[in-house]
Structures are given as C-alpha cells and as structure tokens.
Number of protein chains: 2
Amino acid sequence: VAGKPFRIALAGLGTVGVGVVKALHQNAGLIAARAGRPVEIAAVSARNKKKKRGVDLSGCTWVTDAKALAEIPGLDAVVELIGGAEGPAHDLVKASLKNGIPVVTANKALLAHHGYRLAKLAEDKGAALKYEAAVAGGIPVIKSLREGFAANNIKAVYGILNGTCNYILTEMRETGRDFADVLNDAQAKGYAEADPSFDIDGVDAAHKLCILSALAFGVRPDFKSLKISGIRHITARDILAAQELGFRIKLLGSARRTDKGIVQSVEPCLVPIASPMGAVEGVYNAVFVEGDFVGTGLSVGRGAGEGPTASAVVADLIDLARGFCVPAFGIPAASLKKGGWTDTGGIVSHFYLHVVVLDRPGVLADIAAIMRDHEVSIEAVLQRGRDPDKPVSVVITSHPAPQGRVEKAVAQIAKLRSVAGRPCLMRIENF
Amino acid sequence: VAGKPFRIALAGLGTVGVGVVKALHQNAGLIAARAGRPVEIAAVSARNKKKKRGVDLSGCTWVTDAKALAEIPGLDAVVELIGGAEGPAHDLVKASLKNGIPVVTANKALLAHHGYRLAKLAEDKGAALKYEAAVAGGIPVIKSLREGFAANNIKAVYGILNGTCNYILTEMRETGRDFADVLNDAQAKGYAEADPSFDIDGVDAAHKLCILSALAFGVRPDFKSLKISGIRHITARDILAAQELGFRIKLLGSARRTDKGIVQSVEPCLVPIASPMGAVEGVYNAVFVEGDFVGTGLSVGRGAGEGPTASAVVADLIDLARGFCVPAFGIPAASLKKGGWTDTGGIVSHFYLHVVVLDRPGVLADIAAIMRDHEVSIEAVLQRGRDPDKPVSVVITSHPAPQGRVEKAVAQIAKLRSVAGRPCLMRIENF
C-alpha cells in the first residue's frame, strides 16, 4: 500500500496496549489496505521499558513521561491507554489536543468526567477525539450511535455494560452460589479486580452510560446526575426467584427520554429469559438502542479484554488515517445540552420485590396494605415453605406503577417489625 | 446550522423513498447538526407525480426518467431506491457515478450482481458508493464490517437476513401451522409479497450475504458461487422436533473462512433456543460476526420496512455530508480477490435429519446402516408413535461430521423404498 505512514504514539503498555501492538503487527497488511496507508508505531510510553511483553517495539522511541509524547513532531495520533480520570492520562490527552494531535482513548472515566471540556478542546484545535474502546470494545456502539443511527431521534439506550458483573450474575445462576462466594472465585480467576468496587458497585457501567447518553441525546456527559446501584445485595434467592418468574437479573445502564427530561440510571433489573438481552451471559456486554425511525435493536459482544479493546482502538486509528473526523459526541460541543435530567421516580414499570420476613400471621397482609396505600397493585406472590418465627423469603411482582411510588412503599415495608434485612427492589424491563 | 446545504436527488418514492423524505423532514434539525450542514432534497423521480404520499415535495424538481437525475448540476448525492439488478436502477447508478456523483442505494440485487464493477467505477471517478440500507436496514452492519471491525481478520459472518422467512418460521412455531398456511396468511397481512419466491427461496438473503462476504473477506461479490436453499420444505413437524431438541429453525446466510477457501451458503439451520441468535424472532434480522481480535458478536434489529431502511439511507447521506469516503467494500476495488470459494462439503457440524418412513420392520436399521457406511455417527433418534405401514416421522441428529459426507448418506437414504418424500437435512449451528 502506498501512502504516507500514519504515525502514532502509544501511552500505556498493559494488556490493552500490548493488544493494540499485536493487532497492528499481526494484521498490518489488511489494516494498511483498509486505512489506505500503513499504521506505524513511532513512540511508546510505559513505566518499565525492560518488562517482557511478547511484542517487538525495538524501532520505537521510548518516553518515560507519557505527556512528553504530545511533543513528538510529526505524529498523526496519540493513543492513551493509561486509564483514570485524572493524572497522567488526563494530562496527556489535554496536551495532545492542545497541540492539535488527534487522540484515541479507551478511558471511560476520563470521558465521563471531562468529556465535554475535552470535546470542546478537540474541536477548537481541529483534532479528533475518538474513544470506541471506552464502551463495550467488542461492539462498535460509539460508531453506531454517532453515525449508524444518526438519522434518528434516540428514545432510549440500555445496556449490559460491565462484563465482570454479568459474569458474576451468570455464575450465581448456574451454580446457585451466593454473591460473595462467586466474587472470590472471580477474583482468583482474574475476572474481577482485587478491589472490585468499581465494577460491582456500578461505577464502571455508569461511566460508560454517561458516554452513551451524551451521544444518544446530545447532552454533556454528566456523571453526577446518575443514580447508581450495584449488585452486592443480590442473593442466590433473587436469582432463583427471577428464574422461576421467567427472568434473569442483569446490571443495566439505562437512559431514556421522557416528557420530563432524560432519566439515567445503573441498577440491577429483571429481563425476560427468552429475550435477546436475557440470553446475554458471562462476560458479554450488550447495548439496546431505540430510535424513532430505526425502531429497536440490540448488539452483543465482548466488553473488555485484550482483543476486543485493541480491535476498537485500531478501528479508531483506521478512521483517522482515512481522514474521517466527526465531533466527539456527534454534534458540535457548543450544541451539547447541559442537564435536562429527571430522576427515576417517573419510570412506570412492573417491579420485583424480595422481602425476608419472620413468618408470623399478618405479615403479608401488612405488606399488601402498604402497597395498596401507595396504589401499587400486586401481580404475583411467591412464598416457599413455612417455618413459624423463622425468616422466610417473600417475592412479589407488581403491576405497572411509577418507580417513585414503589420505592416509597418499599421504604415503609422495610420498617415493618417482621421484615428482616433490606428489601430488594428491582425494575422488570421488557425487551 | 451554517454550511452549504447537501443537495440530493431521490429516485423512487415507494415505502422506503417516502420514509427517507419523512426522516429528512421530521429530524431536519438533528440531521443538520450531525451532518454539519442541512440535507436538502433538490430533485425526485417517480412514476406518478400525482399520487398522494403524505409528504411535501413541492420545492423539488420532478423528473420522469430516473437516469436524468444524474445530469442535474450541483448535486452532492443521488439516492437510488428503485430496486432491481438491471434496468433503471442500474442505469441511474452507473450514470451518477460516471458523472462523479456519490450514490446511496438500498439495492442488494444490484450490488450482489454488479458490486465489483460499480465499486471500481466509483473509485475511478472519486465518488462514493454507499449501501447501508441494502442489508438489515435496522442494523448498521455495513458500517460495522467496513469500519468498526476493520482491525480484524474476519473468520465468519452469519445472519438471519430475511425478515419474511423469519416471520414465517416464527409463526409456524407459535401456531403449529404448516408452511403454506402461514405463507398465505403473511401474504394477506402484507408481510410477504404476492410472488414470495425471492424471499422464501433464499434469493434475497443470498444477495445480502454476497455483500457481507465481500466486506468481510475482501472478495468480489459473487452471487453465482452461492449455495442457496429456502424454507418451502420446512414442515410443522420439523419446527416441533427442533424445539424438542432445544433448537429453533432459522434461514441462515453464512460465510466462513476455511483452510480450503471461503464457504458461503444460504440454508435453513438449527440454532439453540437459548442463544442470542435463537431468540431473534418475527421480522427481526440478526448478524453474527467473528474476528481474530474482536471475538464474536451479534447484532439484532429490524431488517426492512420504511423506518429502518430510511434510517440507514440517511446515515449514509450524513457520512457523505461530513465528507467521509471509503472504498465501497472497504479496500480498493483492485485489491478485491476473485473467487477463492469452496463448497459446503467440508463444514464439520452436527446435523438434523427428518425422514418420513413407512413403519415397517428394519427401516431404522437400513437408515442407520447407511449412515454408518458413510461414517456418520448417530447422536439421537426421535420417533413418535407407531402405526404399521403408515408414514411415520423419524428425526435423527448426528455427531459432528463433514456436510458432504452427510449429504451423500442422505441421498442414499432418500432412495430407500420405505422412505416417503424428500428427507429434510439441516446443519446445527452452535451460537
């Protein structure tokens, strides 16, 4: 392939960085054919130059301070794979854009927290800011929302956005074990971090949802507006009850346009077993989009890991090499709306409620009365076995009701003397 | 939005054409924001100017002969929505590209038959040829393969590519009725054409598969190389037997890279009920892609209809308005390989076989002996009821074996005197 090489600098040589190098080496020919020119790694930055990584980087300039990459003359793009919303990643991205160098990043935290300012900086300097790898690396969802669905007024984006959570929930279902047990196992196998809170408390999914919202609705990424709940409180009993009702539990990031504004949240929800979303298991991610012309669609793929993330990073590089430059969030940064959020209180849906009660006469009557007083009508009740004065699981599903009203009812139910522990309330989504 | 309007001509004002006009009108503001400039319909061509279409085209130039659109000065793109591999559609696309005008089309037949020559012409003239709407309008699969997965050596592309067939198969399963009955009903409801053979005999799916193959493997679209089988011969008994075995029947277009070359076919296959592909029902389409870095992924969406197809056409227009131009099949036309195909004989898989036999002693032994002689080993046999000398259904699944060998065995089984009608053989796919 003729054409001047597209010269990049790569910051961060962890799993993903090494994956990018492997993809660029292994598929060099086809990448050059698709990019219209060869893609060449001119410089790299990593803490330890000596570490064995299984890739040949002998021809590259090595730099210790990542930020210095932004000063290398003649670069066509900087790839930031350091991670973290602040510190060296943020410094490098800012410095590169300031110097007019396009940036490709996999950093969702950075975009969730500083996306608007960085998009504006990129635009002011005429340098692209691309981040396909930041959300569900194996699914080209950024490109789909920014380009593929660009004709649509998007009504909703939902997704299984964290592979670790989906893996844990799948394992819990398949083995019947409880959360803590499965998490330990996942940590031992390397599927969960030593400090798992970013994943299991929903923060990682929330970062990703902020980005999807911005693209879908033309708003500034706004992490603080998000309601976030993780999966720590999900029990083996919840998994089983959901199954009996025909559902699976998924940690869903969801953003939808309503009359009152855009509602965003990350919460575990029930989705039908027989739906395409319900069939998404293990480390797979999925993104559901609804637009006014395209209707509804779902994409499933690997969320993270060396290969899928590298695939997404290199796709961005190929776009840049072809000269394709679109505003970071699809429309000019100045047009991105600020806020316009509303809370989840108005979402009307069926709900799942799991309460552990002491098996005394009248408990169910008390619960039912509270729900009636909040105008939440009961659809079904699952109660197994009886054991006077011992804790018993009661699982209730409701007819459609506004989430705010259901939450108020549950708060009151939680205060009943016969209720043990924190009730588990989850929305039932139907797709 | 500032910026010079992007001026288009639209040929064909059927369902899809009207949908494109609606999208451009209804979402004009957001389309302009995303395209960086307003998209304006300068001229249209349709057989009947007077027909009520529910859209305002009063400001447009009207042309009777579609080909004349290519001569209108100052056009930024021509949109071809006439359809058909030959005739006015082909003439218009050729004339437009020859004049250096970018073309957006939804015409899969045209691309399957003339894709290579048109891609070459487009490249020679420096005009883009775009066709997101040609395959699964609701899924941005062309963009995904050409750009999103561009870093990957693609190993396989499979898909449910025809909504009419998937609707019929779903209806058969849900109602237990037979093919002809459900087809009649689908025709009455407008879900199937009066002449349904393009859909139900797999031709439409084959056109689409040709295009996906070209993008995935860098080959020239080659309709003639394709093995095509439709769904006319699928019976209610097949649907039920598949269900009992844990599968659903889907008309699958599949293209995979093997040691001996690329294998392409359109055939009904069994896929697991519990898989994301198995959950794709009704008029929905789905595309499965496997790449060396990205791993496996699946996208589900509406295949056809006014809204999804319009969404895809307008997405192409927005890309063009943004100045994005990629070779039609992702790499220069001169690099597209010719052929390199091999037949389905070498595909190793589990198989499903349904034979109707006269219930006489020794029939099953004869069938089993033939399979043994061809080294195809039996996994399971389903036989219901007994009725001496009356036709009885025998359903057999095999252990993994090469398709060629299984087909030979079945050809011999078909000749047995106790076998009534044509045996139904289908591959069992596992995703």
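Leaving aside neighbours within four places in sequence, which residues is A:Thr164 in contact with?

**View 1. Surroundings of A:Thr164 in a predicted model.** Apart from its neighbours within four places in sequence, A:Thr164 is in contact (heavy atoms within 4.5 Å) with A:Tyr191, A:Ala192 and A:Asp199. A:Thr164 belongs to helix α6 of chain A, residues 163–175; helices (H or I, at least four residues) and strands (E, at least two) are DSSP runs numbered from the N terminus. A:Thr164 counts as buried because its relative accessibility is 11%; buried means under 20% relative accessible area, exposed over 50% and partly exposed in between, with a 1.4 Å probe and protein chains only. The model is predicted, so local features need pLDDT of at least 70 and side-chain atom pairs count only at pLDDT 80 or more, whereas totals for chains, interfaces and linings use all residues. Residues are numbered from 1 along each chain as its sequence is written, chains are lettered from A and ligands numbered from 1 in the order in which they are written, and side-chain values use heavy atoms, with hydrogens and water left out.

**View 2. Strand β16 of chain A and its two partners.** Strand β16 (residues 391–398) of chain A is mostly covered, with seven of its eight residues buried. Strand β14 (residues 348–358) of chain A pairs with β16(A) in the antiparallel sense over seven bridges; two strands pair if DSSP finds at least two bridges between them. Within this pairing, A:Leu353 has A:Ile396 in β16(A) as its bridge partner. Strand β15 (residues 378–383) of chain A is also antiparallel to β16(A), with five bridges, and here A:Gln383 stands opposite A:Val394.

**View 3. The open parallel sheet of chain B.** Six strands of chain B form an open sheet in the order β3-β2-β1-β4-β5-β6, with parallel pairing. Strands β3 (61–63) and β6 (129–130) of chain B stand at the edges with a single partner strand each, so one side of each has no neighbour in the sheet. Strands β1 (residues 6–11) and β4 (residues 77–80) of chain B pair in the parallel sense over four bridges. B:Ala11 has B:Glu80 in β4(B) as its bridge partner.

**View 4. B:Thr15 and B:Glu306.** B:Thr15 lies in helix α1 of chain B, residues 15–26. With a relative accessible area of 52%, B:Thr15 is exposed. B:Thr15 and B:Glu306 are 291 residues apart in sequence, but their C-alpha atoms are 5.5 Å apart in space.

View 5. A salt bridge is a side-chain nitrogen of Lys or Arg within 4 Å of a carboxyl oxygen of Asp or Glu, and the count over all chains is 52. One of them joins A:Lys250 to A:Glu281, with 2.7 Å between the closest N and O atoms. This pair links distant parts of the chain, 31 residues apart: A:Lys250 is in strand β9 (residues 247–258) of chain A, and A:Glu281 is in the loop between β10 (261–272) and β11 (284–291) of chain A. Both A:Lys250 and A:Glu281 are buried. In chain B, the side chains of B:Lys143 and B:Asp319 meet in a salt bridge at 2.6 Å, N to O. That pair spans 176 residues, from helix α5 (residues 141–148) of chain B, which holds B:Lys143, to helix α11 (residues 306–321) of chain B, which holds B:Asp319. B:Lys143 and B:Asp319 are buried as well.

**View 6. The contact between chain A and chain B.** Chain A and chain B contribute 54 residues each to the contact. About 4,100 Å² is buried between chain A and chain B, and carbon and sulfur atoms give 55% of this area; buried area is the accessible area (1.4 Å probe) that two parts lose on being put together, summed over both. On the chain A side, A:Arg34, A:Phe293 and A:Arg322 lose the most area to chain B, together 18% of what that side buries. The two chains are joined by two salt bridges. A:Glu147 forms a salt bridge with B:Lys143, the closest N and O atoms lying 2.6 Å apart. A network of salt bridges links residues of both chains, among them A:Lys143, A:Glu147, A:Asp319, B:Lys143, B:Glu147 and B:Asp319.
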